[in-house]
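Please look over the sequence and the structure before reading on.

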Amino acid sequence: MGPVATPRLHMQTLFRFDDAGLIDGTREPDAVHGPVFWIARGRNECVWAVRRDVPKRVQRELQRLAGDELPVADFQAPPVHARRYRALIGGEVAAGPAFHFPHSFPEPTGVVLANDVGRLLPHFPDWRADEVDGRTPIATVERDERAIGVCCSARKSPLAAEAGLETAPAFRGHGLAARVTSAWALAVRSSGRIPLYSTSWDNVASLAVARKLGLTMYASAWSLNDAKSRQPVGQQG
């Protein structure tokens, strides 16, 4: 059995850290600042991280409180100190499960790995040519040589990659999401990385994809986000 998904691997795949172990941005082609505070709890491990611009006094208190958190069996339960975290730094809560893929699953048919942004743009106009390399592998289902379903690496580290999934509105409900996600995961494994899949508790469609693929929940993440969280690194709030 190869390496397995853990809360720590999930954290290291999502974020870059400075020398002090503080969040220095996300692992995306266009890195953003990321959450003010983030914590993930699995059955055997609990990990957390604080963004580098949080005042030192608040950093220390967040880390002290997080040290009380324990691994959990009920992934939907909030962190023990959820109210204290919010009282310290405010912000909006985001929470959801993290999944790992089965050791083996069949290769889907009708899926291609894309490297031409021109085939993505008709239905996904936000794509840019300069982000393609950072998003690989990019698994697509196409119609008339245009991608209608896409799964790519939303974030990527040397050890793992996190799935980013989108289906063109006119083609939803036809099982495309599961097909491209399965192909993406196989391609990620072929690259020597571990494929990871996470979502929010209220994303019904994404949770349905996880069920259809037989993914196994291994952790739950909880974070606090402010107005700066989605700003590009280098941009001031």
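Where is the place of glutamine 231? Glutamine 231 has its place in the segment after β11 (216–225), where strands (E, at least two residues) and helices (H or I, at least four) are DSSP runs numbered from the N terminus. The model is a predicted one, in which local features need pLDDT of at least 70 and side-chain atom pairs count only at pLDDT 80 or more, while totals for chains, interfaces and linings use all residues. Residues are numbered from 1 along each chain as its sequence is written, and side-chain values use heavy atoms, with hydrogens and water left out.

Glutamine 231 is buried, with a relative accessible area of 16%; here buried stands for under 20% relative accessible area, exposed for over 50%, and partly exposed for what lies in between, computed with a 1.4 Å probe on protein chains only.

**Salt bridges**

A search of the whole structure finds 14 salt bridges, a salt bridge being a side-chain nitrogen of Lys or Arg within 4 Å of a carboxyl oxygen of Asp or Glu. Three of them are set out here.

| Aspartate 24 | Arginine 52 | 2.6 Å |

Aspartate 226 is partly exposed at a relative accessible area of 33%, whereas arginine 51 is buried, its relative accessibility being 3%. Salt bridges that share partners join Arg51, Asp53, Asp226 and Lys228 into one network.

The salt bridge of aspartate 24 and arginine 52 connects strand β2 (residues 23–26), which holds aspartate 24, with the loop between β4 (46–50) and α2 (56–66), which holds arginine 52, at a separation of 28 residues. Both partners fall in the intermediate class: aspartate 24 is partly exposed at 31% relative accessibility, and arginine 52 is partly exposed with a relative accessible area of 46%.

**Aromatic pairs**

How many aromatic pairs does a search of the whole structure find? The search finds seven, where rings of Phe, Tyr and Trp (its six-membered ring) pair if their centres lie within 6.5 Å, and planes under 30 degrees apart count as stacked, over 60 as edge-to-face and the rest as tilted. Among them is the edge-to-face pair of phenylalanine 15 and tryptophan 38, with 5.4 Å from centre to centre and 80° between the planes. This pair links distant parts of the chain, as phenylalanine 15 lies in strand β1 (residues 15–17) and tryptophan 38 in strand β3 (residues 37–42), 23 residues apart. Phenylalanine 15 is buried, with a relative accessible area of 2%, and tryptophan 38 also counts as buried, at 5% relative accessibility. The rings of phenylalanine 101 and phenylalanine 105 make a tilted pair, because their planes stand at 35° with the centres 6.0 Å apart. Phenylalanine 101 is buried at a relative accessible area of 5%, and phenylalanine 105 is buried at 18%. Phe15, Phe17 and Trp38 form one aromatic cluster.

**Strand β10 and its partners**

Four of the five residues of strand β10 (residues 194–198) are buried, so this strand is largely enclosed by the rest of the structure. Strand β5 (residues 92–100) pairs with β10 in the antiparallel sense over three bridges, two strands being paired if DSSP finds at least two bridges between them. Serine 198 in β10 is the bridge partner of alanine 98. Strand β9 (residues 160–167) runs parallel to β10 and is joined to it by three bridges, and alanine 161 stands opposite proline 195 in β10.
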